[in-house]
Amino acid sequence: MAAAPILALQGIALTFGTTQLLEAAELSVLPGEKIALVGRNGSGKSTLLKIAAGEVEADAGKRFLQPGATIRYLPQEPDLSAFPTTLAYVEAGMEAGDDHYRATYLLNALGLTGEESPKNLSGGEARRAALARVLAPEPDIILLDEPTNHLDLPAIEWLESELSTIKSALVIISHDRRFLADLTRVTYWLDRGLTRRLNKGFAGFEEWRDSVLEEEEMARHKLDRQIVREEHWLTFGVSARRKRNVRRLGALFDLRQERKD
Ligand SMILES: Nc1ncnc2c1ncn2[C@@H]1O[C@H](COP(=O)(O)OP(=O)(O)O)[C@@H](O)[C@H]1O
Ligand SMILES: [Mg+2]
């Protein structure tokens, strides 16, 4: 039997002002699945991840989180200001039964002591503390928005090896193509408010995207040619001049409408 998703988004729609950012976006996360979420700048990836995290509410659609499943979200801009130290910040993300030694272990592995005050942190240090916070409780799902931002190469390599062995399911947004290609085995492509799922990691994405776009372009050309043919018939066709063919005129209108959509 196929495993049930631990997190699922269905038919997610969201409009900001007058722009519809998401129309019917989907996301389905199976236990342990390593997923890349990709799309152009401004396509709504961060927003979709926030909806998955439960931090933003959609206008329409369903969010399902398996009862009892634990989820952690790494925001693009972590805010540590409410905590006295980096260790307090990491521990606040853990639960009673969690292994608290892991908080210190992760902070140290990421080059922090745990005693740093959030006031004096650089962007890179804040990001490393935030990574320790989402990794420490070993949740069922980790949602990561640009996890390699502000990290130096050794830290990126450490993170990649940590994420490649972790049992948690991952959904990763990253501009770091090698990082995504090495880690992910499933890709969700967000494009014009809709998502498409590929059961291959980011390494297989570009070839797939190009073939999808090519097919779309061919369908559009075919429709354009059909419209031209119909217009020609209605203007010059003998029977069109003799009597108006209302049904065919209606069909042309439908074709133009379809082309517009
Ligand atoms: N809270 C918000 N209010 C208004 N517009 C927003 C809000 N959040 C995001 N947007 C807009 O939605 C678009 C998509 O943003 P985002 O989800 O960050 O995309 P991505 O992560 O793919 O670059 C952007 O144009 C952004 O300005
Ligand atoms: Mg973003």
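A pocket here is found on a 1 Å grid over the protein atoms alone: an open set of points where a 1.4 Å probe fits, with protein on both sides within 12 Å along at least five of seven lines, and lining residues have an atom within 4 Å of a point. Grid points are joined across faces, edges and corners, and a volume is the space filled by probe spheres set on the points. The model is predicted, so local features need pLDDT of at least 70 and side-chain atom pairs pLDDT 80 or more, while totals for chains, interfaces and linings use all residues. Residues count from 1 along each chain as written, chains are lettered from A and ligands numbered from 1 in written order, and side-chain values use heavy atoms without hydrogens or water.

**Second largest pocket.** About 380 Å³ of space lies in this one. Its lining has 13 residues, and Arg192, Glu216, Arg220, Glu258 and Asp261 are the closest to the centre. Strand 9 (194–198), helix 7 and helix 9 (246–260) each give two or more of them; these elements are DSSP runs numbered from the N terminus (helices H or I, at least four residues; strands E, at least two). Domain 1 (7–204) and domain 2 (210–260) both contribute to the lining, so the pocket lies between them; the domain bounds come from an automatic or database assignment.

**Largest pocket.** This pocket has a volume of about 470 Å³. Of its 26 lining residues, Val38, Gly39, Arg40, Asn41 and Lys45 come closest to the centre. Helix 7 gives the most to this lining, four residues.

**Ligand 1.** Which residues are around ligand 1? They are Phe16, Leu21, Arg40, Asn41, Gly42, Ser43, Gly44, Lys45, Ser46 and Thr47, taking a heavy atom within 4 Å as the cut-off. Helix 1 gives the most to this shell, with three residues.

| Residue | Part of residue | Distance |
|---|---|---|
| Ser43 | polar backbone atom | 3.3 Å |
| Lys45 | side-chain N or O | 2.8 Å |
| Ser46 | side-chain N or O | 2.9 Å |

The protein covers 51% of the 560 Å² of accessible area that ligand 1 has on its own, by the Shrake-Rupley method with a 1.4 Å probe.

Terms used
A polar contact is a pair of N or O atoms within 3.5 Å; within protein, one must be able to donate a hydrogen and the other to accept it, and residues adjacent in sequence count only if both atoms are side-chain atoms.
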